[in-house]
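Subject: Two-chain model, handover and findings

Hello,

Here is the model we talked about handing over. Please open it next to this message and follow along.

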Amino acid sequence: MNWFIRVITASVGKKLLMALTGIFFIKFLLIHLIGNLTIYGGDEYFNAYVKHLHSLGPIITVLEFFMLFLAVIHISTGLLLFFQNLSARPFKYAVNKNGGGRTIGSSTMPYTGIFIFIFLIFHLINFHFVDKTNTTVFDIVSNAFANPIYVFFYVIAVAAAAFHVSHGFWSAFQTLGLNNVKYMPFIKKIGVTTSIIFGIGFGFLPIYIFIM
Amino acid sequence: MSGTNRINLTLKVWRQKAGKSKGNLAEYQAKEISTDMSFLEMLDVVNEYLTLKGEEPIAFDHDCREGICGMCGAVINGRPHGQEKGTTLCQLHMRHFKDGETVFIEPFKAKAFKNIKDLIVDRTAFDKIIQSGGFISANTGGAQDANAILISQKNADLAMDAAACIGCGACVAACPNASAMLFVSAKVSHLTLLPQGKPEAAARVTAMVNTMDDLGFGNCSNERECEAECPKEISIANIARLNREFIKAGFFKS
């Protein structure tokens with residue numbers, strides 16, 4: 001195991017962990033979004049989806065613990081990288097200027113990440129660790145988003161996630177060594193498209209429920 | 001000389017005494033600077049004035065002054081080697097500055113690049129990375145026949161593009177994380193792409209990445225600032241190649 005630890009604790013290895021776990025979260029978000037869109041089908045349609053999902057039982061529990069494991073890796077490695085990178089330049093420049101490489105997504109990566117983490121805890125308390133007896137998930141969701149503060153917080157969190165993905169998507173491919181002049185522009189476009197889909201897809205849901 | 005414009009500039013130059021860990025920005029006036037001058041020649045003129053006044057001249061690194069040695073470099077208005085694309089500081093001309101402009105001149109800043117004096121930083125960290133694996137081991141003996149080892153034109157070109165790296169350190173200076181990945185990836189790439197570099201490829205990339213980490217450089221987060229500021233316009237495709245080589249060496253080579 002010694003060689004394995006050596007590889008994943010190197011700078012490139014840590015980035016590899018970020019990329020692999022990050023790609024998994026993008027896949028999860030895609031499935032999560034598809035599931036959430038059933039809200040547009042109305043009360044019964046959405047509750048039927050939730051019921052069907054929960055009927056999978058142990059598969060869901062295993063996946064939940066797997067994701068918790070990946071989240072621990074992604075967040076702890078991300079924080080470690082953040083602090084190491086801060087300490088790599090102890091004396092700051094008087095003038096900071098962008099050379100044209102950075103994007104809003106890339107330069108805010110650690111901050112959007114931390115914000116998403118805080119949101120995640122809030123989100124799970126809201127909808128996951130909640131008493132579901134004598135009520136339906138649709139009711140819980142529609143009650144939550146009757147509050148404009150909730151709607152605002154969720155929209156901001158979704159925007160943060162969209163920016164995070166806008167850099168994370170292509171960055172993961174670059175870290176995995178899959179940069180190639182032929183298809184890198186395509187990967188970048190898919191990354192931006194995915195982040196826009198996430199932004200609009202998740203972001204409009206709370207607004208829709210609030211208006212309803 | 002006809003056609004020569006002269007400009008006046010206000011300079012804010014980083015002054016740091018040798019052996020001191022702190023410095024500060026000092027203000028100087030650069031008067032009657034010809035726009036045909038290079039940035040370093042402008043500093044020469046300022047230094048002559050400072051010397052005449054009995055003040056300590058501004059210490060800065062320089063050597064060839066034709067953009068190929070990698071010795072010069074400073075951060076001009078927040079941009080390593082200045083705002084012009086694909087140029088070293090010695091090839092940055094004063095015609096790119098406006099009369100009356102205030103110009104900030106700072107040294108490269110990174111934990112791994114210790115400041116020696118004023119604008120001079122210690123870049124031996126790069127040498128240490130090269131010493132850890134940035135070479136090929138070749139037995140001496142009779143010279144080999146030319147073209148005995150066939151190399152595709154494409155790989156020769158890619159290797160040459162990577163080898164264009166002059167090791168100036170602008171990538172580290174430009175990186176928000178002070179990472180040396182563009183430098184290391186260029187050095188790994190130009191050897192790995194060629195048959196002569198293949199036998200030691202796995203050991204090389206592992207040793208060079210580990211040395212880079214030990215020296216206190218930051219981690220690459222694909223901000224692409226290095227590529228934008230590199231005077232030799234080294235592509236970050238080289239960083240992807242380094243990542244690929246590192247993964248290959250770490251997981252698939254014994």
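Below is what came out of it, chain by chain and then across the contacts.

First, a caveat: this is a predicted model. Everything here is computed from it.

**Chain A**

Chain A has nine helices and zero strands. From the N terminus, the order of elements is simply α-α-α-α-α-α-α-α-α. The C-alpha trace spans about 55 × 45 × 35 Å along its principal axes. Of the 212 residues in chain A, 26% are buried. Among contacts in chain A with a separation of 6 or more, 80% join residues 24 or more positions apart.

Look at helix α2(A), residues 11-36. It has 26 residues. From first C-alpha to last it reaches 37 Å, close to the 38 Å expected at 1.5 Å a residue. Its buried residues include A:S11, A:V12, A:G13, A:L16, A:L17 and A:M18.

Chain B holds an open sheet of five strands, in the order β2-β1-β5-β3-β4, with mixed pairing. β2 (24-34) and β4 of chain B each have a single partner strand, so they stand at the edges with one side lacking a neighbour in the sheet. Strand β1(B), residues 6-15, pairs with β2(B) in the antiparallel sense over nine bridges. In that region, B:V13 stands opposite B:A26 of β2(B).

There is also a hairpin. Strands β6(B) (114-117) and β7(B) (120-122) run antiparallel and are joined by three bridges. B:K114 has B:D122 as its bridge partner in β7(B). Two residues lie between the strands, and B:D118 takes a positive phi near 45° in this hairpin.

**Chain B: backbone points to check**

Most residues other than glycine have a negative phi.

- B:H81 has a positive phi of about 65°. It is found in the loop between β4 and β5 of chain B. B:H81 counts as buried because it has 28 C-beta neighbours inside 10 Å.
- B:N222 has a positive phi near 55°. It is in the loop between α6 and α7 of chain B. With 27 other C-beta atoms within 10 Å, B:N222 is buried.

B:Q91 is found in the loop between β4 (79-80) and β5 of chain B.

**Domains of chain B**

Chain B is divided into domain 1 (6-106) and domain 2 (123-138 + 148-252). Their centres, taken over C-alpha atoms, are 29 Å apart. The contact between them takes 12 residues from domain 1 and 10 residues from domain 2. By class, the domain 1 side has four nonpolar, seven polar and one charged residues.

**The core**

The largest nonpolar core has 95 residues. B:A110, B:C171, B:V172, B:A180, B:L182 and B:V184 have the most contacts inside it. The largest share, 13 residues, comes from α8(A). Domains 1 and 2 of chain B both give residues to this core, so it lies between them. As for B:A180, its contacts beyond four places in sequence are B:I129, B:C171, B:V172, B:M212 and B:F217.

**Where the chains meet**

How many residues does each chain give to the contact? Chain B gives 40 residues and chain A gives 35 residues. On the chain B side, β5 (102-106), α6, α7 (225-229) and α8 each supply at least two residues. The largest share of that side, 10 residues, comes from α8(B). By class, the chain B side has 17 nonpolar, 11 polar and 12 charged residues.

Best wishes

Methods:
Residues numbered from 1 in each chain as written. Chains lettered and ligands numbered in written order. Predicted model: local features only at pLDDT ≥ 70, side-chain atom pairs only at ≥ 80, totals over all residues. Pairing = 2+ DSSP bridges. Helix = DSSP H or I, 4+ residues; strand = E, 2+ residues; numbered from the N terminus. Expected span 1.5 Å × (residues − 1). Buried ≥ 20, exposed ≤ 12 C-beta atoms within 10 Å, placed from the backbone. Core = buried A, V, L, I, M, F, W, Y, C linked by C-beta atoms within 7 Å. Domains from an automatic or database assignment. Contact = placed C-beta atoms within 7 Å. Nonpolar A, V, L, I, M, F, W, Y, C, P; charged D, E, K, R; others polar.
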